[in-house]
2 protein chains.
Amino acid sequence: MEPLILHEYAASGNCYKVRLTAALLGLPIERREYDILKGETRTPQFLSEVNPNGRIPVLQAGDRFIPESNAACFYLADGSALIPKDRFDRADMLRWMFFEQYNHEPNVATLRFWLAFVGEEALTEAQGAQIPARRAAGDAALKLMDAHLETRAFLVGDRLTLADIALYAYTHVAGEGGFTLGDYPHVGAWLDRVAAQPGYLPMSA
Amino acid sequence: MEPLILHEYAASGNCYKVRLTAALLGLPIERREYDILKGETRTPQFLSEVNPNGRIPVLQAGDRFIPESNAACFYLADGSALIPKDRFDRADMLRWMFFEQYNHEPNVATLRFWLAFVGEEALTEAQGAQIPARRAAGDAALKLMDAHLETRAFLVGDRLTLADIALYAYTHVAGEGGFTLGDYPHVGAWLDRVAAQPGYLPMSA
């Protein structure tokens, strides 16, 4: 594969997904850090050269750029065992990855960012007012995962896929956003199974 | 392919994506309507039998269910020309589909739903307070698409893919949410190109 560069903010779960996928596949990846709290992904240079959407992560493969964490993971894993060969399972994997970006990340990840990185006292009034609704929606997403994982070892089929990686990233640090992972025991057992995978890389690595 | 049933609310752009994909592929699909304004996707039966997330669309393929509109489209189109064969283009298609669910739909589609279906006078105070931020974010998403489409006929490569279908669905009715499509001429020309595709099906069909 061409040289891989990850444009990232290391504490972001979205960026960690890409690092974890690369690690599980044994792919070396160069890391370039941007401080999103200082607006380093909104500079004219970043917008014109890396991502017009002003967000990280962006995976650079050679001289081409892939924004959106789950698309970057798909690029890395395409053709590997992290993407099911079965047509239904492949769509089902994407189902969980879209669920992650629509139902899970905006709630579980946003509350972590607001409470553990920005700080509750520094939130705008509009952000503070959204906390209860995001808390309820985040808990609903975790509850849905818990029910699904009650009878399954992994989210899709019987082995690890990108669906697990995508949802592991922010779920395993949901406590930093004030969620109580102990309320979701099947999620907890699944987190342990993901962390036991050969090649697993912790978020702090 | 096994018999296909779309569990849907016809006015939803997310449901229209699945119908449009099936139409472009020439796949027959049975439609089952649920009134989301009456809570018909939150009944115990729907939650246990169709989708525990209480949302439409859900694509039923035989006796299996695929929630999440973009995953359902991927299932239908898997192996067809609507998904690029090139590895980078395939990931780039998914990049736009995740952008759609994260940056576009929560703003462009939500304002349409609130203003054209729920009605501004029936919104909660918290919803009303979110209108300016969602308007700005929706316009930012449309502006990003417009700049990308200035030099391209379609979002990825040089032909129609699922990325175009996913973003066409709510973009072409963005006016119903108070967005001014005339501000985005390259988006307008692209909408015309999508609508000119053989097999195209309008949202109202």
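## Interface between the chains

The contact between the two chains takes 28 residues from chain B and 28 residues from chain A, two residues being in contact if their C-beta atoms, placed from the backbone, lie within 7 Å. This is a predicted model, in which local features need pLDDT of at least 70 and side-chain atom pairs count only at pLDDT 80 or more, while totals for chains, interfaces and linings use all residues. Residues are numbered from 1 along each chain as its sequence is written, and chains are lettered from A and ligands numbered from 1 in the order in which they are written.

On the side of chain B that touches chain A, the elements giving two or more residues are β4 (64–67), α3 (69–77), α4 (87–118) and α5 (125–149) of chain B. Helices (H or I, at least four residues) and strands (E, at least two) are DSSP runs, numbered from the N terminus. The most comes from α4(B), with 12 residues. By class, this side of chain B has 17 nonpolar, four polar and seven charged residues. Ala, Val, Leu, Ile, Met, Phe, Trp, Tyr, Cys and Pro count as nonpolar, Asp, Glu, Lys and Arg as charged, and the others, Gly among them, as polar.

The same surface serves both copies, since 100% of the contact residues of chain B recur in chain A.

## Domains of chain A

Chain A is divided into domain 1 (4–77) and domain 2 (87–195), with bounds from an automatic or database domain assignment. Their centres, taken over C-alpha atoms, are separated by 20 Å. Domain 1 of chain A gives 11 residues to the contact and domain 2 of chain A gives 10 residues.

On the domain 1 side, α1 (13–25) and α3 (69–77) of chain A are the elements that give two or more residues. The most comes from α1(A), with six residues. The residues of this side divide into six nonpolar, four polar and one charged.

## Nonpolar core

The largest nonpolar core has 108 residues, of which A:Leu162 and B:Leu162 touch the most other members. Such a core is a set of buried Ala, Val, Leu, Ile, Met, Phe, Trp, Tyr and Cys residues joined through C-beta atoms within 7 Å; buried means that 20 or more other C-beta atoms lie within 10 Å of the residue's own, placed from the backbone. Not counting residues up to four places away in sequence, A:Leu162 touches A:Thr21, A:Cys73, A:Phe74, A:Ala77, A:Leu82, A:Ile83, A:Met93 and A:Met97.

Technical notes:
Buried ≥ 20, exposed ≤ 12 C-beta atoms within 10 Å, placed from the backbone.
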